[in-house]
Each structure stands twice: as structure tokens, then as C-alpha cells.
Amino acid sequence: MVSVKRSRSKSIQPSVLLAAANKVVVRQGVEALTLDAVAGEAGVSKGGLLHHFPNKEALIAGMVQQAKDKFVKALNQELARDPAPDTPGHWVRAYVRASALDDQENYELHFNLLAANFTNPELLKPMRDFWEECHTQIASSGLAPEVATMIRLAMDGLWLTHLHNFAPLQEPLRSQVIEMLLKLAQP
């Protein structure tokens, strides 16, 4: 049997534990998310994990918060880099670009939400509140609210079909659809 060196609880950062939890869920599925599995993946004792996250719900709440924080960061970066920040559709364009990021973090966001919904749907309240704020910003972005909402829903659908592998769009069509949504979000 291979011995895994365990870290001391004070030296391990919560972000390392959350990354380990993400790896467990992405590789093995939501049902494999246990405190023992996360501690093993992080190379810490279960007590070290419990020092930061006293139970599975606290761990999943941390995963949801981390996912939200990562998306907010991407959204804020896209808001800042928009070439026409004071024009109608600014928020919608940033949302499209942040949602279009095809990376591990968006993949983890999805699985974090599944873990929360599977364990305790109330753990999704911060994310629900955030998406409500996003929708309010999108609907009041200066575009016709039905157009802005249609763009948001199309982007959400594109993201979900990609993550679930439900007839995901292949390149160059995927990029062309994103470009069309960005054009629709122009003033």
C-alpha cells in the first residue's frame, strides 16, 4: 500500500481543498464527492479538511462561491475590455464573452452547481441571486429587453450544450454563433 504524506491543516489553503473537490467531481461525478475522497485528492487528513470545511455542505458551498467568484472575475475583465463601455449592450457583450470562455473553470462551474443541486438545492441561492442580478443588468443594458434576454438565453444554451455534449457546436460554427450574438448586442 502506498502511503500518502498528509499536510498539516494550517498549511493547506482552502483553495487547494476546493481544487481537489473540483477534481473529484469532474473526474468521478457528483456521487463520488465525499470528504474522504477530497482529503485524499488534496493529500491532507480528513481532519485537515474539516478544519476548513466542517461538513460536506460547507465544502460544496465553498465550491459554489469559488465558481461564482471565478465567473464574476471573468465578467469584470470582459466589462473592462469592452471597446464601447458606455453604449447600449455593454453588459450583454461582456456576458457573452465571459460565458464563451471554453476552459476548465467553466467546466468546473457546471459540476459545482450540479454538486450543490444534488446535495442541497439551497446551496445554490448565492448563484441564483447572482444570475438574477446578471439578468437585471442584461435586461436593462439599453438594448430591447427581449433581444438582450434572447442573447443571454442563447449563450446559456450554447454553454450547456457544450458542457453536456448535447450536439455541441463545432468550430467554426460555434465562433460564428458567438460573433452573431455579439453583433446583436451592438447598439
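This is a predicted model: local features need pLDDT of at least 70, side-chain atom pairs count only at pLDDT 80 or more; totals for chains, interfaces and linings use all residues.
Tutor: Local features here need pLDDT of at least 70 and side-chain atom pairs 80 or more, whereas totals for chains, interfaces and linings use all residues. Residues are numbered from 1 along each chain as its sequence is written, and side-chain values use heavy atoms, without hydrogens and water.

Student: Why is α5 called roughly parallel to α8?

Tutor: The axes of α5 (residues 90-100) and α8 (residues 145-164) come within 10 Å and cross at roughly 5 degrees. Angles under 35 degrees count as roughly parallel, over 145 as roughly antiparallel, 65 to 115 as roughly perpendicular and the rest as oblique, so α5 is roughly parallel to α8.

Student: Which residues of α5 meet α8?

Tutor: Val92, Tyr95, Val96, Ser99 and Ala100 do, and their partners in α8 include Ile151, Met155 and Trp159; contact means heavy atoms within 4.5 Å.

Student: What makes alanine 21 count as buried or exposed?

Tutor: Buried means under 20% relative accessible area, exposed over 50%, and partly exposed in between, with a 1.4 Å probe and protein chains only. Alanine 21 has 0% relative accessibility and therefore counts as buried. This residue, found in helix α1 (residues 14-28), is in contact with Leu33, Val38, Leu59 and Met63, leaving aside neighbours within four places in sequence.

Student: How do you know that the buried residues of α9 line one face of the helix?

Tutor: The buried residues are Arg174, Ile178, Leu181 and Leu182. Seen down the axis of α9, they fall within an arc of 100 degrees, so they line one face; the arc is that of the directions from the helix axis to the C-beta atoms. These buried residues pack against α5 and α8.

Methods:
Axes are lines fitted to C-alpha atoms, for helices over the stretch in contact, and angles run from 0 to 180 degrees between N-to-C directions. Helices (H or I, at least four residues) and strands (E, at least two) are DSSP runs, numbered from the N terminus.
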